[in-house]
Structure formats: C-alpha cells, structure tokens
Amino acid sequence: MPFVRIDALRADAERLDALGRAVHDALVETIGFPPNDRFQVLTSHDGTSGMLRYDDYLGVPRDDGIVYVALTMRSGRTPAQKQALYRRIAELAEEYAGTEPRNVFITLTENESADWSFGHGVAQYVEG
C-alpha cells in the first residue's frame, strides 16, 4: 500500500512509466510489497508553467535530469530497509530510465493504518 508520487522535468510517457516501474520493482524487492499493490501519480513538468527547483545541497550536483520520488507508507521499516530501498530505486531508475543516481531525490513519509482508505470511504486496515 505505498502511495508514490514521481515528478520529473520534461519526461515523456515512456520515461515516466520506466521511473514508476523502477520505484515499484524496488518496493517489491526490498520491502516485500505485493506486485499488484501499485498506487502512483506520475507527473512531468515542462519547465515553465510547472517547475522543479533544486540546488547542490550536501555536495550532490544535480541537473535537469532530477526526479523527485515521494513515498507514503505505513510505519514499521528499519533504517537498513529504507537504505536498501533508496539504493535500489536509484539503481533501477538508472537501468530503466537512464536517470543518474545523483538525480534521484527520495522522501519517505510514514503513517498509521487508520490513515488509509482504499475506497468506499472505509479504512480497510482498521478492524471493527
């Protein structure tokens, strides 16, 4: 049940799809999410009306190949699992979409079971 948002500059449908697959495959491989558990919003920004901004924070040189990946999922993963996930997303983004690992910026936000509704106005993870 991860919810994934991916934002990239001037990305065509093929590149957005490749980035979405990279993140999904990494979540399946490193965290163990089911293969059919995919909820993603993939957005390309044209650089004028929709911009992405970045600097070389922490000495990481970025360019217009930057990709922002925002993950939301229930809490409970260890720091080691998160590190493995970040590493695998960067590897697969390069393999599938040609995105340099230095340009893969990832945030992970955790929440609790009651914070999810998958339809019908019901929090399916809450018992009773």
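# Strand pairing, pocket and cavity in a predicted model

L58 is found in the loop between strand 2 (39–45) and strand 3, where helices (H or I, at least four residues) and strands (E, at least two) are DSSP runs numbered from the N terminus. The model is predicted, so local features require pLDDT of at least 70 and side-chain atom pairs pLDDT 80 or more, while totals for chains, interfaces and linings use all residues. Residues are numbered from 1 along each chain as its sequence is written, and side-chain values use heavy atoms, with hydrogens and water left out.

**Backbone.** Although L58 is not a glycine, its phi is positive, at about 60 degrees. R10 is another non-glycine residue with a positive phi, here about 45 degrees. R10 belongs to the loop that runs between strand 1 and helix 1.

**Strand pairing.** Strand 3 (residues 67–74) pairs with strand 1 (residues 3–9) and also with strand 4 (residues 104–111); pairing requires at least two DSSP bridges between two strands. The two pairings are set out below.

| Strands | Sense | Bridges |
|---|---|---|
| Strand 1 and strand 3 | antiparallel | six |
| Strand 3 and strand 4 | parallel | eight |

I106 is a residue of strand 4. Leaving out residues up to four places away in sequence, I106 touches V69, L71, Y86 and I89, contact being heavy atoms within 4.5 Å. I106 and I6 are separated by 100 residues in sequence, whereas their C-alpha atoms lie 9.3 Å apart in space. K82 is placed in helix 2 (residues 79–97). Beyond its neighbours within four places in sequence, K82 is in contact with R77, L108 and E110.

**Largest pocket.** The largest pocket holds about 230 Å³ of space. On a 1 Å grid over the protein atoms alone, a pocket is an open set of points with protein on both sides within 12 Å along at least five of seven lines, a cavity is a set where a 1.4 Å probe fits but cannot get out, and lining residues have an atom within 4 Å of a point. Volume is the space filled by probe spheres set on points joined across faces, edges and corners.

The lining of the largest pocket consists of Y57, L58, V60, R62, Y86, R87, A90, P101, R102, V104, F105 and I106. L58, with its positive phi, is therefore part of this lining by the 4 Å criterion. At least two lining residues come from helix 2, and at least two from strand 4. Nine lining residues are nonpolar (Ala, Val, Leu, Ile, Met, Phe, Trp, Tyr, Cys, Pro), none is polar (the others, Gly among them) and three are charged (Asp, Glu, Lys, Arg).

**Cavity.** One cavity of 30 Å³ or more is present in the structure. The largest cavity has a volume of about 40 Å³. Its lining is made up of I6, L19, A22, V23, V67, V69, I89, A93 and V104. Helix 1 (13–31), strand 3 and helix 2 are the elements that give two or more residues to this lining. Helix 1 contributes the most, with three residues. The lining of the largest cavity has nine nonpolar residues, with no polar and no charged ones. V104 is listed in the lining of the largest cavity and in that of the largest pocket.
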